[in-house]
Amino acid sequence: MLHVAVVGSGPSGVYTAQSLVQSGLPGIRVDVLDRLPCPYGLVRYGVAPDHEKIKSLQNNLRAVLEDERVRFLGGVQVGPGGLSPARLRELYHAVVYCVGAATDRRLGVPGEELRGSWSATEFVSWYSAHPDSAADGFVLGARSAVVIGVGNVAVDVTRMLARGSAELSPTDIPQAALTALASSKVTDISMVGRRGPSQARFTTKELRELGALPDTEVVVDPEELALDPEYVDPSALPAAQRRNVEVLRGWAATPTPRDRARRIRLRFFLRPVELLADGGGGERVGAVRFERTAPDGRGGVTGTGRYEDIEAQLVLRSVGYRGVPLEGLPFDPEHGTVPHLAGRVLRDGAIAPGEYVAGWIKRGPTGVIGTNRPCAKETVTSLLEDARELVRREVPEDPLAALRAAGSAPVEWAGWQAIERAEAELGASLGRSVVKLPDWTSLVAAAQTARTS
Ligand code: NAP
């Protein structure tokens with residue numbers, strides 16, 4: 001019998017568990033551990049609340065976690081203050097780390113610390129009700145926002161800033177975020193790329209959605225777009241980038257009416273050099289200074305020495321995620337990943353028996369949710385090749401006692417179901433449908449009702 005621990009219950013962790021049980025290996029048992037009492041990782045705490053179709057993927061992930069060979073154990077900390085990777089190795093034949101890329105990248109420009117300047121991750125955590133989210137007041141006092149970066153996260157936060165309460169109220173957005181966004185005075189949002197439109201990282205479906213927002217005008221500058229030779233002639237572009245360019249060309253050719261309440265400006269060839277204080281004596285951001293760039297003919301850009309300031313009382317940097325080292329596991333600081341060979345963890349260049357990685361901590365923060373399927377499959381194929389050797393080692397019949405001894409109070413599936421019930425009750429009490437519980441206290445209290453009932 002093979003006992004596997006999967007650390008992390010986001011898409012990569014759950015797809016790993018799915019691949020393991022689908023292998024048909026007799027007697028396989030998989031514990032999916034998560035630091036949070038709730039499963040689904042970025043599907044719960046990253047996918048924007050108005051993306052209900054993507055969120056419904058939770059139903060597929062749920063089916064895996066409800067498989068009788070799989071057990072969800074939330075509230076289990078791996079790393080400092082919890083179980084070390086060495087201890088986990090003693091408890092399971094194999095451990096697969098699917099811990100994602102937990103932090104955001106920084107710009108490294110002056111003024112980044114000003115009030116009103118945030119990472120997109122902080123904003124996403126807030127509207128997703130992540131229990132670690134301590135920040136608040138994002139839109140308070142802001143009329144103009146700048147989003148730095150042109151990836152899908154940038155599109156998500158731009159769209160969320162432009163949404164009205166009528167569209168957000170039916171979602172599971174926490175009540176405090178709904179109230180704040182409903183009274184937001186942000187009317188102008190600039191989403192800014194340092195390279196050209198043909199090099200933007202967003203996907204076409206997400207880009208198009210900006211054009212479909214109620215009472216919102218999408219503004220592009222045909223002259224700025226045309227600084228990109230591949231915008232002018234997109235024929236050599238790969239299909240995904242060509243479709244993006246076509247959408248932008250459509251907006252350039254047929255501007256949306258000017259009578260809308262909000263405007264989203266898509267800007268390109270501007271790289272951030274400084275965040276400027278608002279001059280009111282406080283330490284609040286008032287604008288972002290960008291340097292105009294020009295294509296260098298090799299896919300990059302060069303500075304031109306010309307600058308432009310864009311007004312913003314709210315700045316969200318959305319320049320990608322980054323993996324963080326897990327104490328006791330090797331780490332490649334350059335890529336923010338764990339070194340591996342087809343998913344097998346490498347310690348000092350040599351395979352570490354029984355230790356694996358999948359998802360963003362394996363390949364870096366790229367790709368959509370579905371990209372994690374083949375990624376997990378590759379890792380599981382390696383693990384199954386090693387299984388005969390791995391099962392020779394004796395491990396405890398049930399590691400639960402050891403997890404408790406290490407200070408964890410695992411939240412099992414019944415605990416998570418109790419959280420789901422509490423979120424449905426909260427929603428009903430607010431005249432909404434399911435509304436997420438936004439803090440540790442309420443999550444833990446809800447999970448505990450399963451223990452006492
Ligand atoms: P991303 O796709 O890597 O985009 C990062 C953006 O930041 C790029 O435009 C990049 O420009 C820019 N950037 C990086 N460093 C910068 C700097 N110093 N100054 C200015 N701009 C800078 O990252 P992401 O948006 O965080 O998304 C992460 C992954 O999640 C992606 O694979 C994405 O598709 C996925 N995701 C998908 C969805 C969805 O499917 N709906 C939603 C959210 C996220 P350069 O290209 O010039 O480096």
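By class, how many nonpolar, polar and charged residues does the lining of the largest cavity have? Before I answer, please keep in mind that this is a predicted model, in which local features need pLDDT of at least 70 and side-chain atom pairs count only at pLDDT 80 or more, while totals for chains, interfaces and linings use all residues. Residues are numbered from 1 along each chain as its sequence is written, and side-chain values use heavy atoms, with hydrogens and water left out.

The lining has four nonpolar, three polar and three charged residues, where Ala, Val, Leu, Ile, Met, Phe, Trp, Tyr, Cys and Pro count as nonpolar, Asp, Glu, Lys and Arg as charged, and the others, Gly among them, as polar. Among the lining residues are Asp-104, Arg-105, Arg-317 and Tyr-321. A cavity here is a set of points, on a 1 Å grid over the protein atoms alone, where a 1.4 Å probe fits but cannot get out, and lining residues have an atom within 4 Å of a point.

Tyr-321 takes us to the rings. Its ring and that of Trp-360 have centres 5.2 Å apart and planes at 45 degrees, so the pair is tilted; rings of Phe, Tyr and Trp (its six-membered ring) pair if their centres lie within 6.5 Å, with planes under 30 degrees apart counted as stacked, over 60 as edge-to-face and the rest as tilted. Tyr-321 is in strand S15 and Trp-360 in helix H14, 39 residues apart, helices (H or I, at least four residues) and strands (E, at least two) being DSSP runs numbered from the N terminus. Tyr-321 is buried at 14% relative accessible area, and Trp-360 is buried at 16%, where buried means under 20%, exposed over 50% and partly exposed in between, with a 1.4 Å probe and protein chains only.

The whole structure has eight aromatic pairs. In another of them, Phe-123 and Phe-138 have ring planes at 65 degrees, so that pair is edge-to-face. Phe-123 is buried at 0% and Phe-138 at 1%, and ring pairs link both, together with Trp-118, Trp-126 and Tyr-127, into a cluster.

Technical notes
On a 1 Å grid over the protein atoms alone, a cavity is a set of points where a 1.4 Å probe fits but cannot get out, and a pocket is an open set with protein on both sides within 12 Å along at least five of seven lines; lining residues have an atom within 4 Å of a point.
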